[in-house]
Amino acid sequence: MKPYFSNAETRSFEQIPSLYDDSSHTIFLHETASQKEVIKVLNSQSAEESPFWQGMADFFGVGLKQQLQHFESLYPLIAQYSPLEIPALLQTLVVPNESIWAIKTDFLPGQSVQSEQVTAQMVRQLAEHLACLHQVQSNQFGYIFGKTKTSWPQHLKQQLTQLLTVHPILNSSEQEALLAQIDARFQPSKFGVIMPDLRWDQFLQQENALTGLTDLDALVFGPVELDWVLLEYLLTTEQAQIFCAEYERHRAIPEIEPVRSVYRVMLFLMNVLGEKNYQAWRDYPTLFV
C-alpha cells in the first residue's frame, strides 16, 4: 500500500494491529509533517469468507467491495445526520486487477470503546446516534446508494429457509414455527439506516464520552427493529432504560416482541458477535417489549 498512499511528506507508515484475526481490513496509520491519515485496505478473501459478510449479501444484497465504491456519498451523508464525528473520506483506491480496494480518511483521536468502560453518557450518545440514523429513511432495503429491494418479509423468509437448510440450528417443527411468524408486521412503512455490525468497539471515546465512528462499512437501509434486537446483547438493564429515555426524545420506540425470535436467528446466522452456542443466544435476556 505504501507506494499508493505515501508521498514526499511521509514521516511514518505503520500497520495498526487488528482487534480480530479475521478482520475484513488491514489498517495503516500514515503520518506526514502536517497531518495523520488512516488507510483501510480490504482483505477481500477474509471478507468473502466471513459469515457476517455472507449474511450481508444474503439478507441485504450488499457486498463490501461494492459498498466501498459508494463511500464518497455515504461518508458525508452519515456525517450530516450523526451527532458523532465521522472521518472525512480523502481518497478511494480501487485496482481490481491487483486485488486492491482501499480508502484513506483523516485521523480521529480517541480510543476504541470497551464494554466495561461504557458510561451513562455513552449510552445516551449511542441512542441519539441510532435515532438520527433511523430517521434517514427509504422505501427499500439494501445499499444506501445503489441497487435495493422492497419486499422484506418475502425476502427474509426465503433467505432464512435457505440458510437454515445449510445450518440446521432448529429442528423441522421449530423452523416451521419460526418462519410462520414472518408476516406483514415485518414490513416497515419505511426502512431506516441501520448498523448490523453494531458493537461498542466500533466507536471512539475520550474522557468517558463517545467522540466518533470510523467504521461505516456495513451501514444499510433495513428494519430499525434489527438494531434494537442486537442492542439486547450490548446493554445492561440499567443501560437499556437510559437508552430508551434518550431515544424517545427523538423518535418512537418500535415494537420488538413480535420480531425478536426471527431476528435473533438471523443475527446468529450472520455471526454478528461471534456467538457459537445457539441456545445461549436464543435464551439471552430480553430488554425491550
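Trainee: How many residues of domain 1 are in contact with domain 2?

Mentor: 20 residues of domain 1 touch 26 residues of domain 2. Keep in mind that this is a predicted model.

Trainee: Fine. Where do the domains run?

Mentor: The domain assignment puts domain 1 at 9-50 + 67-106, and domain 2 at 111-283. Their C-alpha centres are 24 Å apart.

Trainee: And what area is buried between domain 1 and domain 2?

Mentor: About 1,900 Å², with carbon and sulfur atoms giving 67% of that. On the domain 1 side, Gln67, Tyr81 and Leu84 lose the most area to domain 2, and together they make up 29% of what that side buries.

Trainee: OK, charges next. What's the count of salt bridges between domain 1 and domain 2?

Mentor: Two salt bridges link domain 1 and domain 2.

Trainee: Which residue forms a salt bridge with Asp217?

Mentor: That's Lys40, with the closest N and O atoms 3.5 Å apart. Lys40 also meets the side chain of Asp215 in a salt bridge, at 3.9 Å from N to O.

Trainee: So which parts does the Asp215 and Lys40 pair tie together?

Mentor: Asp215 lies in the loop between β12 (209-213) and β13 (220-222), while Lys40 is in strand β3 (residues 36-42), so the pair ties together parts 175 residues apart in sequence.

Trainee: Nice. What does the salt bridge count come to by this rule?

Mentor: Ten salt bridges.

Trainee: Which helices each supply at least two residues of its lining?

Mentor: α3 (51-60) and α11 (260-269) do. The largest share of the lining, four residues, comes from α3.

Trainee: Can you give me names? Which residues line the second largest pocket?

Mentor: Here you go: Pro51, Gln54, Gly55, Asp58, Leu163, His167, Ile169, Phe268, Leu269, Asn271, Glu275 and Lys276.

Trainee: How do the residues of that lining divide into nonpolar, polar and charged?

Mentor: Five are nonpolar, four are polar and three are charged. Asp58, Glu275 and Lys276 are in that lining, and they are the charged ones.

Trainee: Great, that's what I was after.

Key: Residues are numbered from 1 along each chain as its sequence is written. This is a predicted model: local features need pLDDT of at least 70, side-chain atom pairs count only at pLDDT 80 or more; totals for chains, interfaces and linings use all residues. Side-chain values use heavy atoms; hydrogens and water are left out. On a 1 Å grid over the protein atoms alone, a cavity is a set of points where a 1.4 Å probe fits but cannot get out, and a pocket is an open set with protein on both sides within 12 Å along at least five of seven lines; lining residues have an atom within 4 Å of a point. Domain bounds come from an automatic or database domain assignment. Contact means heavy atoms within 4.5 Å. Buried area is the accessible area (1.4 Å probe) that two parts lose on being put together, summed over both. A salt bridge is a side-chain nitrogen of Lys or Arg within 4 Å of a carboxyl oxygen of Asp or Glu.
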